[in-house]
Each structure stands twice: as C-alpha cells, then as structure tokens.
Amino acid sequence: MTAALAHRTELPVLGIPVRFETDSDAIMAVVTDTFGVWRAARQSGGTHETTKVHVRLMSHEGPEGEPHAPVTYHMPDRQRLLLRTPGSVGHADLARHDAVAYVTPALVADREHFRYSVVEALTYFVLSDLDRCPFHAAALVRGARALLLAGPSGVGKSTVTYAASRRGFRVLAEDIVWLAFKPRFRIWGLARRVNLPKDAARMFRELADARASLLANGKEKIALPLETTGGAEQLLADGGAICLLSRSGGPAGLVEVGSDEIERALLARVEAGFDRYRDAIPAAVAALAARGGWRLNLSDDPTDALPHLEEMLRTLAEGA
C-alpha cells in the first residue's frame, strides 16, 4: 500500500518532523498549502525533536451525500481519534504517532472544510501528545515575545486579532497556540486565516459582501486569510504573557492583574475540546502567568483595543 503513495513530503509542523504521504495531487496540494510554511522552521532553529509523525491520506470513491459533508469525531480511548463523514473515514493513534484517512474526491474538493476537518484535525491530534499542549488563545508577537489574548468563546478574540492585523500588528495565532516545555518554554503558532462572526461586517466595512460558511464545529464563520506584515510568518515565541479579555459594557479599559487572578480565571473554565489536556494545562498557565499580566475590557468597537495592545506589547518587548 505504501509503495502506491507516490506523493510524499516531510515538514516540521510545530517543529516536529511530519511525513505526509498520499496518492492524490489534490490532497498533496492541500497539505502543502496548509503546512508548507513550516519549512521555515528548519532555518529558524526551531526543530529539535527527533520523533517522526506519519500521516497518510488516500483517495477513494464514495458518496458524501451532500455538498458540505458533516464530520463526526469519536475517541474510543485517550490514545485514538476516529473521524467519519458519510463517505470518508480517518484514524489517529498516539501510541504509533501516525494517522491515516481514506477520503472522497468530493470531500477534498471542499478544500477549506477538508483542510480544517481532516488534515489539521488528524495532524494536530498526534502532535499534541508530543510536548505541544494546545491552549485556547489568540496571540500577537513582537520580537521573541508573545501576548496571548485569552477569554471564553465569543468574547472577541478573533475580531480583535483581525483589527490588529489590519493595523500591522504581527499575529502568531488566531485561536490556538501550542505550548512546549522542552528544551525550554516556547509558544508555537501559525496564523494563516481568521474566522470571524457572521455579523463582522458591522465592524469592518470591507466585509460587507463576505459570506459565512459552516465549520466542522457547527459554527458559521466568515473565513478570511490573514495578511502577513513585516516579512514572513513568525512561527514561535520564546515566552510571553497573558491578557484576559472580558466584555462588561462601557469603554475599552486595561488594568494589570496578578498571577493568582490569571490562574483562577483560566483554570475555572476549560472549554470543550481542550479538557483532554486538563492535566497539562495548569503547568502551562503557571508558566504564562508567573509575572502577572493584564485584563482588557472590550468595547463594541474592536479598534478601541489597539492602543492597549500596543502598550502591552511594548512592555513585553522592553522586558525581554
């Protein structure tokens, strides 16, 4: 079976070598579009791990039943993830560091859906077991330091991140970062796209004609590419701090908070999907909150947050 998979590439995704194999030009195009930027990790000094991950994606004929195939996920135990659509199936195994999927041409043709629901889902599931703890936050970066914007779903992480990117801020992540502890604490991310709420046009006039699409998680979002500013994408930071986002009405306002308040806020709610990493999250939160951080109350206009973001990033850069 492996000999028939003529299309092969190895990419250091999140700094870990991942070997992708497929029998399809179309599938390989999605893989390289999704993860090709990680080639830069070889030159950045970011690749230290020797464990190799293997992801095989095979094309097969089958009916998906509808244009936007629904995807279901199931974990029979903590080591395995099963993925299924009406015509496709996938499996990831942490013990073996590999994933395999048989996918229909119809699913592959739904390019963004296939990328998000299958390619990224299987790959990141395996990598998350190799000292890459997923953490629910957006991240802006300046130099080697990252400012993580944390808060519950719907608070405004994506809209603030998009507003910041329009003003030239460098974005490390739109919704998820991956935290590594060995050989030292680092924050990995990749910001290629942003998923905005359906009503984002009322905040950003250029989105007046944008249309929302249904994501695998069942949410309707406006998916947009994030423009890279200031050079190539930044893939990791050597440290950073937390800004807790809240929305209680009134104008935007920033206050400093201590490590205890940050830890209480982040550990009090571990959202669905991230609860699988509950054992690793306290150490991650402690590392990020060690020197304290901030709380930023958001107004109805996401651009009101930009001066406060500048202030926090400047403080981080000066203290590096």
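1. Start with β18 and β20: in this predicted model, strand β18 (residues 239-246) and strand β20 (residues 293-297) run parallel and are joined by four bridges. If you want a residue pair to look at, L245 stands opposite L296 in β20.

2. Helix α6 (residues 259-268) packs on the sheet that holds this pair, and touches β10 (145-150), β18, β19 and β20. The direction of α6 makes about 65° with that of β18.

3. Now the whole sheet. Six strands make up an open sheet with mixed pairing, in the order β11-β9-β10-β18-β20-β19. The edges are β11 (170-173) and β19 (253-257); each has a single partner strand, so one side of each is left without a neighbour in the sheet. On average, and ignoring direction, neighbouring strands here are turned by 30° against each other.

4. There is also an open sheet of four strands, ordered β8-β12-β13-β17, and its pairing is antiparallel. Which strands stand at its edges? They are β8 (133-136) and β17 (236-237), and because each has a single partner strand, one side of each lacks a neighbour in the sheet.

5. Last, the helix on the four-stranded sheet. Helix α7 (residues 281-289) lies across β8, β12 and β13 (186-188). Relative to β8, α7 runs at about 60°.

Terms used
Residues numbered from 1 in each chain as written. Predicted model: local features only at pLDDT ≥ 70, side-chain atom pairs only at ≥ 80, totals over all residues. Heavy atoms only, no water. Pairing = 2+ DSSP bridges. Helix = DSSP H or I, 4+ residues; strand = E, 2+ residues; numbered from the N terminus. Axes fitted to C-alpha atoms, helices over the stretch in contact; angles between N-to-C directions. Contact = heavy atoms within 4.5 Å.
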